[in-house]
Amino acid sequence: MFFLGVVILGVVGFNNLAVDFLPSIKIPKLAVQTSYLNVSPDEIENTVTQPIEAALSTVTGSKKVSSVSREGLSLVTAEFYWGTNIDFAMLEVREKLEQLRASLSKRA
């Protein structure tokens, strides 16, 4: 009876055991989206996307910076190394963008 009880507890415990074959992984990323209406993708690339890419590539812990420029829209994404504190990275990105704001508004 004792062994039967142990087997039943084992089966019940095994059925209730949570196993994640694909655990959720959160890659540390930040995205900056800028809209500049009625402007061609080439002009968006030159006046908005490239300066933002340059600024984000200097952020501490930045691994990869990629961008997409479309008519009236610029999307720059920065990927960070594992272990980077994303809150501090976001603060640094905001500081860099604030420094860029004056030069971007002169070009617009």
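These legends go with several close-up views of a predicted model.

**View 1. Strand β3 pairs with strand β1.** Start with β1, which covers residues 29-35, and β3, which covers residues 73-80. The two strands pair in the antiparallel sense, with seven bridges between them. To find your way around, look for Val32, whose bridge partner in β3 is Val76.

**View 2. Strand β3 also pairs with β2.** Here β2, residues 62-70, runs antiparallel to β3, and eight bridges join the two. Which residue stands opposite Val76 in this pairing? That's Ser67.

View 3. Zoom in on the turn and you'll find two residues between the strands. One to look at is Gly72, which sits in the turn and has a positive phi of about 80°.

**View 4. The largest pocket takes its lining from β1 and α3, among others.** This pocket holds about 160 Å³ of space. Both β1 and α3 (86-107) give two or more residues to the lining, and α3 supplies the largest share, five residues. Val32, the β3 partner of Val76, turns up again here as one of the lining residues.

Definitions and conventions:
Residues numbered from 1 in each chain as written. Predicted model: local features only at pLDDT ≥ 70, side-chain atom pairs only at ≥ 80, totals over all residues. Heavy atoms only, no water. Pairing = 2+ DSSP bridges. Helix = DSSP H or I, 4+ residues; strand = E, 2+ residues; numbered from the N terminus. 1 Å grid on protein atoms, 1.4 Å probe; cavity = no way out; pocket = protein on both sides within 12 Å on 5 of 7 lines; lining within 4 Å. Points joined across faces, edges and corners; volume = space filled by probe spheres on them.
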